[in-house]
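Here's a quick walk through a structure, from the overall fold down to a single element. Have a look at it first.

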Amino acid sequence: MANFPDDNELLSLFRESSTKEKGYTLLVKKYQEKLYWHIRRMVVDHENANDVLQNVFIKVWKGLDNFREDARLYTWLYRIATNESITFLEQEKKKSSVSYDDVSSALSEKLVADKDFDASKLEWKLQLAIQKLPEKQKIVFSLRYYDEMSYEEMSKVLETSEGALKASYHHAVKKIEDFILNH
Amino acid sequence: MSTRKDISSELSDISKTVAELPFKPVFTVPDGYFDEFPLKMMEKIRETEDLDVDSELEMISPLLASLNRKTPFTVPEGYFSQLEPQMEQAPAKVVVMHKTSRLRIWWAAAAITAVLGFFSWFYIINSNNNSEGLKAVSFSISAELPTLSETEISSYLEATPEPIQIEPISLAGVQEADLDAIMNEISESELQQFINENPTFQIENMN
């Protein structure tokens, strides 16, 4: 991974009008991949992930001036990305007037439609199992398993207690295990 | 942030099956996506921002932005200083501003009147139907009443707990002389007894 300035330096660049665009571009470069994959695991296809990621960075541009430095930039960005992904899924649900279960099925179908999908491979089976999870468990599993986020940071992103997050992660893993063993 | 080792260890405690799954990315992105994204993002941001004229032109066409913006046309000498007195002398053409809008107002008024008229007519028709229905019910009661026996009427009155209100007797149209003659035929004691038995009795239109 390329070396990027630390978050405080990025914020300083952004807050100076002459270096605002430079600071912003560096911030996008630093966090785009992490946020993209977090969003992609939730919305599945690339086009939707790209749209959501753009919305996230527009919000970052508009809100970074008011960002309070007592929070970590990293958790603030993840919170925006998570909320934008949930909003996107809510809109999809409203558009087709379907329940969350149906959205989950639609996401599974998108997954199966992926040109690289291979049902015999365990990594794809894992993705199918993740799509079957309830929304909150899906987010918690993704943040812990893929993004290696601590429960403390996760509690700031999702505004949920660490105990509840541990329980969600436990349930998510058990459900995934059950899916892997029975499919 | 937790380490991969911590997470794997926690995962093994919960489920060995999931912990042993291959940690491989399955999704792909178009080639060069992450290289181009920051630039595209900055362009998008600029589109959403209110750019000043120079920056906007610089972004669209640096060549055009570098050209001198002075208009090459010339005007006759003293043109602008003569223009003002000429404008003052010329009679101003009166433009009727509200011709079209007044016509529209009349059309709107006519439309509102038509709608109100239609609903009024509809309401009157419905009211007539309802009052005819009441008349029909009233007629039906009047027709039925003589066919009832006295026993049926008295058993109905006994079963009805509500006291029957005695309607004020209207004496409109009764001549004063006739009334005097009637009153003369009634004795004092009969009159007193009637009043005692009907404390709410009242006579209207005595004049």
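## The fold of chain A

Keep in mind that this is a predicted model. Chain A comes out with 9 helices and 0 strands, and reading along the sequence you get α-α-α-α-α-α-α-α-α.

Of the 183 residues in chain A, 31% are buried. As for who touches whom, take the chain A contacts between residues at least 6 apart in sequence: 55% of them join residues at least 24 apart.

## Where chain A meets chain B

Chain A puts 31 residues into the contact, and chain B puts in 25. On the chain A side, the elements giving two or more residues are helix H2 (20–43), helix H3 (46–63), helix H6 (122–131), helix H7 (135–145) and helix H9 (162–182).

What is that side made of, by class? The side of chain A that touches chain B has 13 nonpolar, 11 charged and 7 polar residues.

## A closer look at H7(A)

H7(A) is one of the helices on that contact side, and it's mostly covered, with 8 of its 11 residues buried. The buried ones are A:Gln137, then the run A:Ile139, A:Val140, A:Phe141, A:Ser142, A:Leu143, A:Arg144 and A:Tyr145.

Note on methods
Residues are numbered from 1 along each chain as its sequence is written. Chains are lettered from A and ligands numbered from 1 in the order in which they are written. This is a predicted model: local features need pLDDT of at least 70, side-chain atom pairs count only at pLDDT 80 or more; totals for chains, interfaces and linings use all residues. Helices (H or I, at least four residues) and strands (E, at least two) are DSSP runs, numbered from the N terminus. A residue is buried if 20 or more other C-beta atoms lie within 10 Å of its own, exposed if 12 or fewer, and partly exposed in between; C-beta atoms are placed from the backbone. Two residues are in contact if their C-beta atoms, placed from the backbone, lie within 7 Å. Ala, Val, Leu, Ile, Met, Phe, Trp, Tyr, Cys and Pro count as nonpolar, Asp, Glu, Lys and Arg as charged, and the others, Gly among them, as polar.
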